[in-house]
Amino acid sequence: MSEDLQLLLVEDSADDAALVQQALRLAGLTPVLRQVDSADAMAAALIEKRWHLVVSDYNLPGFSGTEALRLLREHAPDTPFIVVSGCIGEEAAVALMKAGADDYVMKDNLARLAPAVERSLKEAQSRAQRKLAERALLESEARFKAIASNIPGTVLQLLLHADGSWSFGYVSEGCLALFGVTPRLLQRYPGYFFDLIAPEDAAAFTQTMQTSARDLTDWNWEGRVHVSGSDDTKWVNLRSSPRRLDDGSVL
């Protein structure tokens with residue numbers, strides 16, 4: 001790490017705390033360690049600052065590793081948690097891992113602690129990066145939908161599958177005003193969209209779409225569509241830029 005390791009140690013033995021600190025220092029880490037031995041002390045430490053890692057004994061007087069893990073997840077769900085114990089059975093260890101612990105190390109094998117710490121920190125960083133990417137994607141989608149809902153006409157995302165079938169990945173709310181149908185209807189029954197096209201314009205629609213998909217050229221079609229539930233007919237202009245996906249389909 002390029003900075004000191006902010007480590008919260010849940011341990012009632014000063015000697016064991018010193019051994020944990022020594023094992024990390026021997027591996028080249030620089031732990032800044034605070035030792036706590038009760039639920040109240042741990043909760044206060046979690047409120048006070050952000051910790052890179054929590055290492056906890058399994059059995060403490062009036063407190064346990066299981067309770068420490070539960071407390072940590074309430075305050076800092078993404079902070080790595082490692083159990084270091086002198087006596088923990090396999091069933092208890094498995095239960096802790098299922099509950100969200102990142103690893104467990106026996107006190108008579110502290111050489112494993114530093115690798116476990118480094119791996120847990122890397123995995124926590126990866127989880128944080130994934131969450132940031134997911135959040136950015138959600139924000140991007142929200143901005144796109146906001147833009148799409150405020151432009152004239154409608155925005156459609158049509159996927160031509162490699163097997164010849166097709167579907168709508170996205171349909172903006174503007175299709176209701178333009179075609180008289182809801183986005184959900186078009187996404188559930190994509191064939192309904194083609195039924196709206198005037199029969200005399202349907203051949204040109206299909207031909208230009210297939211040419212665009214084959215040559216990956218911009219698709220520009222103008223024709224008439226019937227408004228669902230009425231006798232109205234509208235002239236529409238469709239513009240699209242195709243993109244071939246890895247599975248051979250065209251978006």
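**Aromatic contacts and pockets**

Student: Is F205 buried or exposed?
Tutor: F205 counts as buried, because its relative accessibility is 1%. Keep in mind that this is a predicted model.

Student: And which ring does F205 pair with over in strand β10?
Tutor: That would be W221: F205 and W221 make an edge-to-face aromatic pair, with 4.9 Å centre to centre and 90° between the planes. The pair joins distant parts of the chain, with F205 in helix α9 and W221 in strand β10 (residues 219-226), 16 residues apart.

Student: Why does W221 count as buried?
Tutor: Because W221 has 5% relative accessibility, and the cut-off for buried is under 20%.

Student: How many aromatic pairs are there in the whole structure?
Tutor: A search finds nine. One of them is F194 with F205, also edge-to-face, at 5.3 Å centre to centre and 80° between the planes. Here F194 comes from helix α8 (residues 191-196) and F205 from helix α9 (residues 199-215), 11 residues apart.

Student: Where does F194 fall, buried or exposed?
Tutor: F194 is at 19% relative accessibility, so it counts as buried, given that the cut-off is under 20%.

Student: Which residues make up the aromatic cluster?
Tutor: W166, F168, F179, F193, F194, F205, W219 and W221 form one cluster.

Student: Switching topic: what sits over the ring of W51?
Tutor: The charged end of K49, 4.6 Å from the centre of the ring.

Student: What's the lining of the largest pocket like by class?
Tutor: There are 20 nonpolar, seven polar and two charged residues.

Student: And what volume does the second largest pocket have?
Tutor: About 540 Å³. This pocket is lined by 22 residues, with R50, H52, L121, A124 and Q125 nearest its centre.

Student: Which elements give two or more residues to the lining of the second largest pocket?
Tutor: Those are α3 (65-75) and α5 (113-148). The most comes from α5, with eight residues.

Student: How do the lining residues of the second largest pocket divide?
Tutor: Into 10 nonpolar, four polar and eight charged.

Methods. Residues are numbered from 1 along each chain as its sequence is written. This is a predicted model: local features need pLDDT of at least 70, side-chain atom pairs count only at pLDDT 80 or more; totals for chains, interfaces and linings use all residues. Side-chain values use heavy atoms; hydrogens and water are left out. Rings of Phe, Tyr and Trp (its six-membered ring) pair if their centres lie within 6.5 Å; planes under 30 degrees apart count as stacked, over 60 as edge-to-face and the rest as tilted. Helices (H or I, at least four residues) and strands (E, at least two) are DSSP runs, numbered from the N terminus. Buried means under 20% relative accessible area, exposed over 50%, partly exposed in between (1.4 Å probe, protein chains only). A charge sits over a ring if NZ of Lys or CZ of Arg is within 6 Å of the ring centre and within 35 degrees of the ring normal. Ala, Val, Leu, Ile, Met, Phe, Trp, Tyr, Cys and Pro count as nonpolar, Asp, Glu, Lys and Arg as charged, and the others, Gly among them, as polar. On a 1 Å grid over the protein atoms alone, a cavity is a set of points where a 1.4 Å probe fits but cannot get out, and a pocket is an open set with protein on both sides within 12 Å along at least five of seven lines; lining residues have an atom within 4 Å of a point. Grid points are joined across faces, edges and corners, and a volume is the space filled by probe spheres set on the points.
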